[in-house]
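Please look over the structure shown here before turning to the numbered points that follow.

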Amino acid sequence: MSYPMHPKAQEIERRLMAMQMCKEIIADLRCEWRVIERQRRRLGLKLIWATEAERFAIADKRGVDRRLVA
């Protein structure tokens, strides 16, 4: 049995792909960590600790402006 998608799932997905921090997503969308975690798993993204150079490389691969990567 599949469950209906969370009402904010599309926005969470967009923000995850833009490499926005989970804390910011929670604060802006007022959703729980579990909702973000489910979307992250559904997209196949892994939560990793990355150096600044690695974050820049990931941002370049995704087409995200480097100024948006903290």
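1. Cys31 sits in the loop that joins α2 to α3, where helices (H or I, at least four residues) and strands (E, at least two) are DSSP runs numbered from the N terminus. With a relative accessibility of 9%, Cys31 counts as buried, since buried means under 20% relative accessible area, exposed over 50%, and partly exposed in between, with a 1.4 Å probe and protein chains only. Between Cys31 and Lys46 there are 15 residues in sequence and 20 Å in space, taken from C-alpha to C-alpha.

2. This is a predicted model, in which local features need pLDDT of at least 70 and side-chain atom pairs count only at pLDDT 80 or more, while totals for chains, interfaces and linings use all residues. Residues are numbered from 1 along each chain as its sequence is written, and side-chain values use heavy atoms, with hydrogens and water left out.

3. As for the overall make-up, the protein has 4 helices and 0 strands, and from the N terminus on its elements run α-α-α-α. Its C-alpha atoms fill a box of roughly 40 × 25 × 20 Å along the principal axes, and 24% of its 70 residues count as buried.

4. How do the helices α1 and α2 lie against each other, and at what angle do they pack? Their angle is about 150 degrees and their axes are 10 Å apart, the axes being lines fitted to C-alpha atoms, for helices over the stretch in contact, with angles that run from 0 to 180 degrees between N-to-C directions. α1 and α2 are therefore roughly antiparallel, given that angles under 35 degrees count as roughly parallel, over 145 as roughly antiparallel, 65 to 115 as roughly perpendicular and the rest as oblique. The crossing of α1 past α2 is right-handed, a term used if the near helix is turned clockwise from the far one by less than a right angle, and left-handed if anticlockwise.

5. α1 also packs against α3, at an angle of about 65 degrees and with the axes 10 Å apart, which makes α1 roughly perpendicular to α3. Here too α1 passes in a right-handed crossing, with α3 as its partner.

6. Two backbone positions deserve a careful look, because most residues other than glycine have a negative phi. Met19, in the loop between α1 (9–17) and α2, has a positive phi near 65 degrees. Arg30, in the loop between α2 and α3, has a positive phi of about 55 degrees although it is not a glycine, and with 71% relative accessibility Arg30 counts as exposed.

7. The largest pocket has a volume of about 890 Å³; a pocket is an open set of points on a 1 Å grid over the protein atoms alone, where a 1.4 Å probe fits, with protein on both sides within 12 Å along at least five of seven lines, and lining residues have an atom within 4 Å of a point. The lining of this pocket has 22 residues, of which Met19, Gln20, Met21, Leu47 and Ile48 lie nearest its centre. The elements that give two or more residues to this lining are α2 (22–29), α3 (33–43) and α4 (52–62). The lining divides into 15 nonpolar, 1 polar and 6 charged residues, with Ala, Val, Leu, Ile, Met, Phe, Trp, Tyr, Cys and Pro counted as nonpolar, Asp, Glu, Lys and Arg as charged, and the others, Gly among them, as polar.

8. The second largest pocket holds about 160 Å³ of space, and the residues that line it are Pro4, Met5, His6, Val35, Arg38, Gln39 and Arg42. By class, this lining divides into 3 nonpolar, 2 polar and 2 charged residues.

9. Lastly, Arg55 belongs to helix α4 and is partly exposed, with a relative accessible area of 26%. Arg55 and Arg66 are 11 residues apart along the chain, and their C-alpha atoms are separated by 8.6 Å.

Definitions and conventions
Grid points are joined across faces, edges and corners, and a volume is the space filled by probe spheres set on the points.
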